[in-house]
Amino acid sequence: MTRLSAVAGAAINGTAANGILMLGNVLHAKEEFSKLSDLGPVTHITSGDRESFLERCRSGEFNHIKAISRTVDSVAYTGRFDDELLSQLPSSIKFVCHNGAGYDQIDAKAARKHGITVSNTPGYVNQATADIGIFLLLGALRKAWIPQKAIRNGEWQGQAPLGHDPLGKTIGILGLGGIGTAFAERAMAFGFKIQYHNRKPVECSKAKYVSFDELLATSDVISIHLPLNDTTRHIISHKEFAAMKPGAVIINTARGAIIDENALVEALKSDKIWSIGLDVFETEPKVHPELLKDDRVMLLPHIGSATLETRKAMEIQVMDNIDSAFQHDKLVNPVN
Ligand SMILES: NC(=O)c1ccc[n+]([C@@H]2O[C@H](COP(=O)([O-])OP(=O)(O)OC[C@H]3O[C@@H](n4cnc5c(N)ncnc54)[C@H](O)[C@@H]3O)[C@@H](O)[C@H]2O)c1
């Protein structure tokens with residue numbers, strides 16, 4: 001399907017589109033947000049449902065819009081930016097500025113087909129997300145949830161399992177990009193040896209490049225830092241768990257669906273896996289009941305980037321992208 005041609009509004013009058021459609025709340029960078037109206041009229045949507053959003057797209061209401069800014073949470077009332085939705089946006093819309101480093105809620109290839117450039121917010125998320133990765137890593141190595149639960153239940157005298165030291169263990173980083181690198185730097189300080197797998201080796205003197213199979217077979221800890229897309233979905237499943245060292249520890253702060261969650265539960269139940277630290281889940285906000293039940297799993301509800309400083313920087317980054325769309329007709333952080 002091709003995109004809707006503009007049937008009403010500014011575009012039909014021959015004037016260039018100059019509107020901004022904000023999907024979701026701006027919570028921190030309010031001052032910067034207020035300046036967006038200097039660029040053009042801002043339409044702000046913070047609730048609704050997909051069908052009514054698509055109807056508004058078809059109605060011509062957005063035919064003056066040039067750029068969309070969207071938050072992760074806005075998926076609740078628009079659904080994914082998939083081919084169906086993208087094909088119903090008016091042809092005036094040339095840019096979608098996403099607030100998040102992971103942009104799996106947007107079909108970036110379909111966007112390109114429709115002449116839309118997409119941006120994300122890389123970089124600023126690296127430190128906060130790597131910090132949460134280390135929190136989960138240390139917690140998983142100590143199976144920290146077991147004694148935490150005991151102390152809160154007034155059972156301090158209960159048994160606390162012994163954990164593992166990081167010193168001398170090998171950590172395998174799957175995806176040595178922005179967050180993977182920040183995580184590796186932190187892990188080194190604890191005495192881990194670092195190896196990684198990427199599609200291509202990167203210049204990094206302190207981490208050893210290994211094949212995917214070698215990373216699985218030789219890592220004491222495997223930490224996931226890949227983007228979620230068609231090639232990485234379930235990249236870790238039954239076969240990959242079988243190939244791991246017995247007693248491996250798994251950390252995932254990237255996206256839940258990179259790991260086949262059923263296979264993860266099976267590996268945990270069979271004691272192939274020592275412990276797990278998860279910030280992300282396959283069908284958020286639902287968490288697999290077996291993961292909730294098992295005290296060897298450290299769980300966090302997707303809070304990798306959740307610090308005031310990082311979230312504010314991300315919002316400003318989105319607005320910088322919109323500003324660049326208006327001033328230079330291109331984005332600062334394009335992904336497609
Ligand atoms: N938990 C959170 O709150 C949180 C916060 C920010 C980002 N994230 C997630 O973390 C992911 C990584 O973020 P980033 O900013 O480090 O991304 P990035 O693009 O900087 O790094 C990703 C790395 O993975 C590598 N890669 C991609 N596909 C691969 C494949 N098939 N095989 C091997 N390597 C591959 C890339 O070469 C790159 O080095 C994001 O996509 C997002 O989903 C989660």
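**Exercise 1. Ligand contacts**

Solution. 
Step 1. The model is predicted; local features need pLDDT of at least 70, side-chain atom pairs count only at pLDDT 80 or more, and totals for chains, interfaces and linings use all residues. Residues are numbered from 1 along each chain as its sequence is written, and side-chain values use heavy atoms, with hydrogens and water left out.

Step 2. A polar contact is a pair of N or O atoms within 3.5 Å; within protein, one must be able to donate a hydrogen and the other to accept it, and residues adjacent in sequence count only if both atoms are side-chain atoms. For Arg 199, a backbone N or O atom is 3.3 Å from a nitrogen atom of the ligand. A polar backbone atom of Gly 304 lies 3.2 Å from a ligand oxygen atom.

Step 3. The ligand taken alone exposes 870 Å², of which the protein buries 84% (accessible areas by the Shrake-Rupley method with a 1.4 Å probe; for residues, only the protein chains shown count as cover).

Step 4. The ligand is surrounded by 23 residues, and Gly 178, Ile 179, Asn 198, Thr 253 and Asp 279 are the closest (a residue is near a molecule or strand if one of its heavy atoms lies within 4 Å of it). The shell contains 8 nonpolar, 12 polar and 3 charged residues. In this classification Ala, Val, Leu, Ile, Met, Phe, Trp, Tyr, Cys and Pro count as nonpolar, Asp, Glu, Lys and Arg as charged, and the others, Gly among them, as polar.

**Exercise 2. Enclosed and open space**

State how many cavities of 30 Å³ or more the structure holds, and list what lines the second largest pocket.

Solution. 
Step 1. On a 1 Å grid over the protein atoms alone, a cavity is a set of points where a 1.4 Å probe fits but cannot get out, and a pocket is an open set with protein on both sides within 12 Å along at least five of seven lines; lining residues have an atom within 4 Å of a point. Grid points are joined across faces, edges and corners, and a volume is the space filled by probe spheres set on the points.

Step 2. There are 2 cavities of 30 Å³ or more. The largest cavity holds about 70 Å³. Its lining consists of Met 22, Asn 25, Val 26, Ser 69, Thr 71, Asn 99, Glu 315, Val 318 and Met 319. Helix H13 gives the largest share of this lining, 3 residues (helices, H or I, at least four residues, and strands, E, at least two, are DSSP runs numbered from the N terminus).

Step 3. The second largest cavity has about 30 Å³. Asn 252, Gly 256, Ile 259, Glu 261, Leu 264, Leu 278 and Val 280 line this cavity.

Step 4. The second largest pocket has about 160 Å³ of space. Its lining is Glu 32, Lys 35, Leu 36, Leu 39, Ile 316, Met 319, Asp 320, Asp 323 and Gln 327. Helix H13 (residues 308-328) supplies the largest share, 5 residues. By class, this lining has 4 nonpolar, 1 polar and 4 charged residues.

**Exercise 3. Backbone geometry**

Identify which residues a cis peptide bond joins, and locate Asp 271.

Solution. 
Step 1. Most residues other than glycine have a negative phi, and most peptide bonds are trans.

Step 2. The cis peptide bond is between Glu 284 and Pro 285, with omega about 5 degrees. Pro 285 sits in the loop between strand E11 (273-278) and helix H12 (289-293).

Step 3. Asp 271, although not a glycine, has a positive phi of about 65 degrees. Asp 271 is in the loop between helix H11 (261-269) and E11.
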